[in-house]
Amino acid sequence: LLFSIMHRFGKINDGGYEFFGLDNATMRMGFEYGLSDYLTVGIGRSTFQKTYDGFLKGRLLRQTVPGSHIHIPVSVTAFAGITHNTIKYTDKPYMNARYRTDYTLQLLVARKINRNLSFQLSPTWLHYNLVPEARDNNDVFVLGIGGRMKITRRSSINIDYCYMPPNQVSSMKVYHSLSAGFDIETGGHVFQVHVTNSQGMTEPLFMGRTTGSWGKGDIYFGFNIYRSFKFGKK
């Protein structure tokens, strides 16, 4: 069982009056449970747009070590998620459950280059039941690219970039999500600090609805805490 608490403060360019974003914060609390070595189920709740999310992850392939009888160069995991926001709208009476729900499908293709360096590609399909205007696509495709470099046995640097091809969202300015972070493992805990131009912490928000620009100083500072619990005799 993995328990996570994720915090993200306001924009740094909010200035000194907002203490450079630290006066404002959103958070997500979530649980992930490994039903088996191949299947994980997760749930979470974010304060941003008061969103609930759930997902399933299934392992399709696992990278093998050199010299194995069967050579598998990458690990592949399928991800299916659903998000539902519950924020109240006084001016949008039509906002029923259908319009509040979004969906995510991903393939997580990862390769461990050596004991310190790993990369991942995440081709992603996002479906929004409600879009800002009719000219915007309900179905959006994004390619996530991530990397991890271990600095010491218990610390690493991580970078994540989400590229969304143009002409999928026309009514609003959407930017590519770019995040960088530093991880510290402390026994059963993992502590992360990061900076990003994305305020949301679920896939439909940070992959397809990032409105912050690094060039304009729309940078959010955040930190996450993960704690793992193990059950059974092993």
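## Exercises on a predicted model

With 234 residues, a compact globule would have a radius of gyration near 17 Å, and the protein chain agrees at 19 Å. This radius is taken over C-alpha atoms, and the globule rule is 2.2 Å times the number of residues to the power 0.38.

Before you start: the model is predicted, so local features need pLDDT of at least 70 and side-chain atom pairs count only at pLDDT 80 or more, while totals for chains, interfaces and linings use all residues. Residues are numbered from 1 along each chain as its sequence is written, and side-chain values use heavy atoms, with hydrogens and water left out.

**Exercise 1.** Describe the secondary structure of the protein chain.

*Solution.* Helices (H or I, at least four residues) and strands (E, at least two) are DSSP runs, numbered from the N terminus. Step two: read along the sequence to find β-β-β-β-β-β-β-β-β-β-β-α-β.

**Exercise 2.** Find out how Phe55 and Phe79 are arranged, and whether each is buried or exposed.

*Solution.* Start with the rule: rings of Phe, Tyr and Trp (its six-membered ring) pair if their centres lie within 6.5 Å; planes under 30 degrees apart count as stacked, over 60 as edge-to-face and the rest as tilted. The structure holds five aromatic pairs. In one of them, Phe55 and Phe79 are stacked, at 5.3 Å centre to centre with 25° between the planes. This pair links distant parts of the chain, 24 residues apart: Phe55 is in strand E4 (residues 51-61) and Phe79 in strand E5.

Next, check burial (buried means under 20% relative accessible area, exposed over 50%, partly exposed in between, with a 1.4 Å probe and protein chains only). Phe55 has 11% relative accessibility, so Phe55 counts as buried. Phe79 is buried too, because its relative accessible area is 8%.

**Exercise 3.** Work out which ring lies under the charged end of Arg209.

*Solution.* Apply the test: NZ of Lys or CZ of Arg must be within 6 Å of the ring centre and within 35 degrees of the ring normal. The charged end of Arg209 sits over the ring of Tyr128, 3.9 Å from its centre. Now try another arginine: Arg45 lies over the face of Tyr52, at 5.4 Å from the ring centre.

**Exercise 4.** Name the residues that form one aromatic cluster.

*Solution.* Look for the rings of Phe9, Phe191, Phe221 and Phe223, which form one aromatic cluster.
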